[in-house]
Amino acid sequence: MVQSPNKEQTKLNKFEKIKAEKDGLSVKEELEKFAKIGWEAMEKTDLEHRLKWLGIFYRPVTPGKFMLRMRTPNGILTSTQMRVLAEIVQRYGDDGNADITTRQNIQLRGIRLEDIPHIFERLKNAGMTSMQSGMDNVRNITGSPVAGIDGNELIDTRELVKKVQDMITNNGEGNYQFTNLPRKFNIAIEGGRDNSVHAEINDLAFVPAYKEGKLGFNVLVGGFFSAKRCDAAIPLNAWVPPNDDVVELSKAILSVYRDYGLRANRQKSRLMWLIDEWGIAKFRSTVEGEFGKALATAAADDEIDWDKRDCLGIHPQKQTGLNYAGLHIPVGRLYAKEMFDLARLAEVYGDSEIRFTVEQNVIIPHIKDENIDTFLTESLLEKFTIAPKPLQKALVSCTGAQFCNFALVETKNRALDLAKNLDKTLELSQAVRIHWTGCPNSCGQPQVADIGLMGTKVRKNGQTVEGVDLYMGGKVGKDARLGTCVKKGIPCDELPEVLSKILIEDFGAKSKLN
Ligand code: SRM
Ligand code: SF4
């Protein structure tokens, strides 16, 4: 059942050996045992690596307090599901919180291993799963955050995203067919005109396109970020209708990646490296063979012709008399009480649905025209405002040093403090997208930002201090392009001054202090 790596590759990296020894998914059968013996008694590889196949992340920064990464297909959950997640983190008091992620998903913190069997039971009963959300698996599949409610939508992505997830994870139970990929794999399905999902930074992306008058998707492949290399996705020269072909093509591409992807050097294992080695023509024909029928060539143009929307504020839906509210969640951080409150708001004003965006924010859809005014008086909206200040508005941050052992700097708190202070001193007519990421892994996507800040260590006055490399020029939406590093090694304590200058000179900010 477990797929063996490409036989022609003789040298295997450390992680390939770990996987060859025992598939990560198999620890699912051992959870009760782990819960009994405790994390200290667990075999190190199971603890630090294999548990991630189930979405359970050992955090060396907070030993014994695990992170649980969910799957949230298309970023959508119900109020009941949110309440279950809130109850899970509430139990852990000050240790418990949650983060909305840059993949339209949610991670829970403070989790104790002894509670996992019960937590998994609760998640299953509530129709949720964390299966295959970490390590060499397909990450949360993103889709248009306003799918099914946007008047300008081309394709409703919700069902397709769910079907692709169900295929990959065997309806959330775990699927050995796709648990031994050479590396992580990102999939996005866009249904609108504004590239809400950052199609270009996914290993596989579907973007709406008309072919011979029919609406479907052009297919992009190979986009990724890593410490060594970042690349935008390239066209596969394929078009698929918006039906099960999306699922089947995803399956075919994943199978080709699994069977032929490079496994010797972990730094060169993402899909783009295989495409480089083979050339796109060979990759396409191998995928076609696996797909089992001829792939239609791509439509000449796709339909991505808008700037990216942030979805914040109140917006009319395509359903007459209904609106969606985009709430700003500062750096995506949620606490139990706020999660309960979001669930309540979704029930009282909407139809119990809550959505996440890749900007780490929340959307509550289906609010009736006549209820908007009362909705806006809710006290939760003082913190999670629909109209944040320009620099807080588009702020995104990865986890950083508080919980992530890869981090070279603290991110979330610093990002928020800095944005608040700059909003106090500068007047801006438009939002500026600032993305923080704590290390070169780029989880906070600094390359898609107007201003991207990547954590690093810097020497200053004979001391090693926290600093950032500065990225600029990222463009999202139509004609998306990746930003590049324009300055290295800025000490964090110099950032207020450095960013003020950039915001004034490049983004038209005016000082409020003059
Ligand atoms: Fe990431 C590893 C957090 C989105 C590239 N990422 C990690 C780990 C698991 C490292 C670890 O074990 O500590 C981080 C967990 C920290 C924690 O406690 O939260 C982590 N990544 C995140 C999240 C939570 C950042 C956030 O605050 O939103 C995002 C979770 C998304 C999700 O729901 O699944 C997250 N990570 C991303 C993205 C952005 C995206 O997908 O659009 C990227 C860049 C895009 C890409 O992968 O192509 C990203 N994460 C990485 C990498 C570099 C991958 C590579 O090929 O080299 C690593 C390190 C690795 O995999 O070896 C990594
Ligand atoms: Fe951790 Fe680095 Fe990813 Fe931030 S970018 S979450 S510091 S791995």
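Which residues are around ligand 2? Cys398, Thr399, Gly400, Cys404, Phe406, Ala407, Thr437, Gly438, Cys439, Asn441, Ser442 and Cys443. "Around" here is the near rule: a residue has a heavy atom within 4 Å of the molecule or strand. By class, that shell has 6 nonpolar, 6 polar and no charged residues. For the classes, Ala, Val, Leu, Ile, Met, Phe, Trp, Tyr, Cys and Pro count as nonpolar, Asp, Glu, Lys and Arg as charged, and the others, Gly among them, as polar.

Some ground rules. This is a predicted model, with local features needing pLDDT of at least 70 and side-chain atom pairs counted only at pLDDT 80 or more, while totals for chains, interfaces and linings use all residues. Residues are numbered from 1 along each chain as written, chains are lettered from A and ligands numbered from 1 in the order written, and side-chain values use heavy atoms, without hydrogens and water.

Now ligand 1. What is the single protein donor to its iron atom? The donor is Cys443, through SG, 2.3 Å away. Donors are N, O and S atoms within 2.8 Å of the metal (3.2 Å for Na, K and Ca); water is not among the atoms, so sites may look incomplete. Cys443 lies in the loop between β20 (434-437) and β21 (451-460). Remember that Cys443 is also listed around ligand 2. Helices (H or I, at least four residues) and strands (E, at least two) are DSSP runs, numbered from the N terminus.

The shell of ligand 1 holds 31 residues. The closest are Thr101, Arg109, Lys184, Thr399 and Cys443. The shell splits into 9 nonpolar, 13 polar and 9 charged. Strands β2 (66-69), β5 (106-111) and β10 (224-225) each give it at least two residues.

Next, polar contacts to ligand 1. These are pairs of N or O atoms within 3.5 Å; within protein, one must be able to donate a hydrogen and the other to accept it, and residues adjacent in sequence count only if both atoms are side-chain atoms. Thr399 puts a polar side-chain atom 2.7 Å from a ligand 1 oxygen. For Asn105, the distance to an oxygen of ligand 1 is 3.0 Å. For Gln360, it is 3.4 Å.

On to the sheets. Two strands pair if DSSP finds at least two bridges between them. Five strands make an open, antiparallel sheet, ordered β1-β2-β5-β4-β15. β1 and β15 (333-334) are at the edges with a single partner each, so one side of each lacks a neighbour in the sheet. Inside, 4 bridges join β2 to β5. Met67 has Arg109 of β5 as its bridge partner.

Thr456 is bridged to Gly467 in β22. The hairpin has 2 residues between the strands, and Asn461 there takes a positive phi near 50 degrees. β22 then joins β23 (484-491) through 5 bridges, again antiparallel. There, Leu470 has Lys487 as its partner.

What does Phe340 touch, leaving out residues up to four places away in sequence? Arg83, Ala86, Glu87 and Gln90. Contact means heavy atoms within 4.5 Å. The C-alpha atoms of Phe340 and Ser79 are 8.4 Å apart, across 261 residues of chain.
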